[in-house]
Amino acid sequence: MLKILIAEDEEPIANLLRMNLKKAGYACECAYDGEEAADRMENGRFDLLLLDIMLPKISGYELMEYAKALQLPVIFITAMDSTDSKVKGLKMGAEDYIAKPFEIVELLARVEAVLRRCNKIGRTIHILDVDIDLSSRSVMQDDRQILLTLKEYELLLFFARNPNIALYREVIYEQVWEKEYTGDSRTVDLHVQRLKKKLKWDKHICAVYKIGYRLET
């Protein structure tokens with residue numbers, strides 16, 4: 001299991017990140033100041049650091065230098081959303097930079113992208129009884145291939161990358177179809193029903209009242 005260190009001095013935010021990352025299948029630890037983060041980095045092995053800039057005791061920029069020495073990938077998560085701050089963070093070697101406030105769905109997607117780019121995760125996603133091969137874009141279930149359309153495949157991938165999270169229909173539509181949501185939910189609903197039928201996931205892809213859907217694992 002991949003392990004993520006969250007260096008964030010606002011405990012509600014740190015705990016929210018930890019909760020959602022754990023739901024997505026990651027092991028997480030939190031550090032609430034820069035000194036604690038440095039100690040955890042030294043004494044534990046991590047695959048990714050989510051790093052706030054404005055930390056007590058030791059700043060995020062100082063910790064960035066330490067993370068580089070440990071070859072630990074870093075995503076800055078901060079309220080400092082000026083262009084200068086972003087450029088500074090990226091020039092220091094951060095893999096990504098996310099400004100607060102942010103959507104959890106976006107954060108999870110960026111975390112996965114960084115981990116893949118840094119060769120921390122393979123090219124296969126296993127979820128429930130399904131294996132998704134990202135290279136061949138094939139889906140196997142119980143040693144048989146499941147034939148999906150392009151949008152069904154991308155919908156499955158979106159659910160697999162966001163397990164146990166209630167996903168709004170508009171978010172699903174905009175992420176999978178890459179178009180602005182206009183309020184017509186029929187396209188999303190139709191594809192969800194077809195995906196559920198092909199995978200026999202009636203008990204796993206659940207409708208969430210007035211929101212959308214959730215993949216329960």
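View 1. Helix α6 (residues 150–161) lies across β6, β7 and β8 and runs at about 110° to β7. Helices (H or I, at least four residues) and strands (E, at least two) are DSSP runs, numbered from the N terminus. Contact means heavy atoms within 4.5 Å; axes are lines fitted to C-alpha atoms, for helices over the stretch in contact, with angles from 0 to 180 degrees between N-to-C directions. This is a predicted model, in which local features need pLDDT of at least 70 and side-chain atom pairs count only at pLDDT 80 or more, while totals for chains, interfaces and linings use all residues. Residues are numbered from 1 along each chain as its sequence is written, and side-chain values use heavy atoms, leaving out hydrogens and water.

**View 2. Here is the open sheet.** Its 4 strands follow the order β6-β7-β8-β9, with antiparallel pairing. At the edges are β6 (124–127) and β9 (144–145), each pairing on one side only. Two strands pair if DSSP finds at least two bridges between them.

**View 3. Now for β7 and β8.** Strand β7 (residues 130–133) pairs with strand β8 (residues 138–141) in the antiparallel sense, over 4 bridges. Look for Val 130, whose bridge partner in β8 is Gln 141.

View 4. With a disulfide taken as a pair of cysteine sulfur atoms within 2.5 Å, the count comes to 0. Cys 28 is in no disulfide, and its nearest cysteine sulfur belongs to Cys 30, 7.1 Å away. That separation is too far for a bond. Cys 28 is buried (under 20% relative accessible area; exposed is over 50%, partly exposed in between; 1.4 Å probe, protein chains only), at 11%. Cys 30 is buried too, at 3%.
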